[in-house]
Amino acid sequence: MGLAKRIIPCLDVDNGRVVKGVKFLDIRDAGDPVEIARRYDEQGADEITFLDITASHEGRDTMVHTVEKMASQVFIPLTVGGGIRKLEDIRTMLNAGADKVSINTAAVFNPEFVGEAAAKFGSQCIVVAIDAKKVSAAGEPGRWEIFTHGGRKPTGLDAVEWAKKMVGFGAGEILLTSMDRDGTKNGFDLDVTRAISDAVAVPVIASGGVGNLQHLAEGVTIGKADAVLAASIFHFGEYTVQQAKQFMAAQGIEMRLD
Amino acid sequence: MSATTVAVIDYGMGNLHSAAKALETVAPGAKVIVTADADKILSADRVVFPGVGAIRDCMGEILRLGLDQVVREAAQSRPLLGICVGMQSLMTRSEENGGVDCLNMFAGQVKFFGDNLHDARGEKLKVPHMGWNQVQQIRPHPLWKNIADGSRFYFVHSYYIQLEDETLMTGRCEYGVPFTAALGRENVFAVQFHPEKSQKAGLTLLKNFMEWDGQA
């Protein structure tokens with residue numbers, strides 16, 4: 001008996017459509033984020049994350065409608081990330097039905113924004129996304145830096161210190177993505193996950209690199225993550241969320257199976 | 001039977017979209033209104049009192065909008081469901097924000113989980129308590145109908161309720177410490193978790209609320 005670890009499927013959404021493709025055997029149009037969220041909900045997803053990668057202003061309005069539609073049909077928590085830069089952006093997404101927003105680049109350029117957001121809307125809805133890349137050489141103690149712009153721009157900020165700083169400003173949760181592992185299917189960077197999870201009092205979501213179910217389990221057992229986020233292993237029907245939860249539960253991890 | 005009306009009290013604290021949509025989903029014939037208007041709230045058949053964020057801001061808005069009297073009156077006369085900070089604000093006092101007086105409709109305190117919380121195995125626990133945890137049904141109640149004892153609900157909070165009269169507890173949860181996940185007295189029921197975000201178990205509870213005659 002206790003709090004369950006969470007599995008969070010993540011969808012990249014561009015102009016109201018899921019990109020990178022999601023393939024379910026029994027749905028024809030696999031580009032509709034709401035339809036896909038419903039499927040994951042049926043499979044037992046504990047939360048859903050929409051990452052808005054839309055560049056245009058019109059696309060942003062589309063995202064708001066997508067969030068509204070999702071929140072009208074799927075009754076599990078929804079986090080929206082991407083392009084959250086102003087308090088107004090947060091208000092819009094929360095009013096549309098999002099439960100949390102994820103702040104990334106805006107936090108790096110203006111850390112006080114996280115403080116303002118937490119004071120205004122409460123820490124419970126402020127997730128700070130951290131994109132970390134290993135900068136220490138082999139054999140040295142692990143050191144990771146924050147990168148922006150999809151992992152291309154170094155900031156010189158130490159990832160563990162940054163996570164502590166963000167929590168100090170009021171972040172209620174940390175979404176940690178390893179830029180070294182993202183897209184590799186080699187598993188999470190367990191060292192940085194563990195380092196940050198040990199360093200902060202708030203929940204940490206591990207992200208980047210999941211290729212199989214063992215990776216998900218290790219994120220929790222070795223990385224000490226409170227939740228694991230994955231995209232492609234679910235999108236292409238390799239595994240259902242339910243299979244992942246049963247696999248993790250069989251390893252003694254507390255999961256929501258009902 | 002004429003359609004039941006449910007008022008979701010809107011005092012600007014957080015998103016009520018999901019709560020309203022969840023109520024519409026479980027009670028398709030019902031009229032769901034989201035409002036801060038005292039007359040509309042008090043003419044509804046049942047009332048939902050939600051809330052997220054910091055207690056000082058919540059209480060500040062409740063008092064500014066005169067909703068304290070509305071909540072008290074609603075609690076006298078019709079089914080009332082408090083959710084999360086809505087539940088906490090029914091208590092005597094919260095220690096959040098340096099200490100804030102609440103509505104004192106239920107004698108008890110709202111306490112911080114603390115920075116040094118551990119589970120039974122000694123593992124350090126994160127605060128906020130965020131995610132799906134099991135709720136033990138302490139006593140039978142119409143709102144638990146068709147919900148298995150020990151079902152998981154979605155929680156997100158750093159403060160928890162300690163009732164003076166623990167016989168009012170209807171559901172218990174544990175996170176480092178045992179705490180009141182649900183309470184009930186006559187026509188009032190309140191939950192620390194978010195039924196509108198708790199998938200099947202949560203929707204069932206909301207459906208039960210929409211069908212509840214207020215008798216416990």
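Author: Two strands are said to pair if DSSP finds at least two bridges between them. The strands themselves (E, at least two residues) and the helices (H or I, at least four residues) are DSSP runs, numbered from the N terminus. This is a predicted model, in which local features need pLDDT of at least 70, side-chain atom pairs count only at pLDDT 80 or more, and totals for chains, interfaces and linings use all residues. Residues are numbered from 1 along each chain as its sequence is written, while chains are lettered from A and ligands numbered from 1 in the order in which they are written.

For the model, ipTM is 0.94 and pTM is 0.95.

Let us begin with a sheet of four strands in chain B. This sheet is open, has the strand order 6-5-7-11 and shows mixed pairing. Strand 6 (100–101) and strand 11 (159–163) of chain B stand at its edges with a single partner strand each, so one side of each has no neighbour in the sheet. In general, strands of a sheet pair through backbone hydrogen bonds, and they do so either parallel or antiparallel. Strand 5 (residues 93–94) of chain B runs antiparallel to strand 6 of chain B, and two bridges join them. R93(B) has D101(B), in strand 6 of chain B, as its bridge partner.

In the loop between strand 5 and strand 6 of chain B lies N97(B), which has a positive phi of about 55 degrees although it is not a glycine. The loop between strand 6 and strand 7 of chain B holds N104(B), whose phi is also positive, near 60 degrees, in a residue other than glycine. To describe their surroundings, a residue is called buried if 20 or more other C-beta atoms lie within 10 Å of its own, exposed if 12 or fewer, and partly exposed in between, with C-beta atoms placed from the backbone. N97(B) has 14 other C-beta atoms within 10 Å and is therefore partly exposed. N104(B) is likewise partly exposed, because 14 other C-beta atoms lie within 10 Å. Further along, P128(B) is found in the loop between strand 7 (108–112) and strand 8 of chain B. The peptide bond that joins V127(B) and P128(B) is cis, with omega about 10 degrees.

Chain B also has an open sheet of eight strands, with mixed pairing and the order 2-1-3-4-14-13-12-9. Strand 2 (31–35) and strand 9 (136–137) of chain B are the edge strands, each pairing on one side only. Within this sheet, strand 13 (residues 177–185) and strand 14 of chain B pair in the antiparallel sense over four bridges. One of the partners in strand 14 of chain B is V188(B), which is bridged to R185(B).

Ten of the 13 residues of helix 6 of chain B are buried, so the helix is largely enclosed by the rest of the structure. Among the buried residues are Q199(B), L205(B), L206(B), F209(B) and M210(B). Their cover includes strand 1 (5–9), helix 1, strand 4 (80–83), strand 10 and strand 14 (188–191) of chain B, together with helix 1 (33–42) of chain A.

How many residues does each chain give to the contact between them? Chain B gives 32 residues and chain A gives 29, two residues being in contact if their C-beta atoms, placed from the backbone, lie within 7 Å. On the side of chain B that touches chain A, the elements that give two or more residues are helix 1 (17–26), strand 8 (129–134), strand 10 (152–157), strand 12 (169–175) and helix 6 (199–211) of chain B. Strand 8 of chain B gives the most, with six residues. By class, this side of chain B has twelve nonpolar residues (Ala, Val, Leu, Ile, Met, Phe, Trp, Tyr, Cys and Pro), eight charged residues (Asp, Glu, Lys and Arg) and twelve polar residues (the others, Gly among them).
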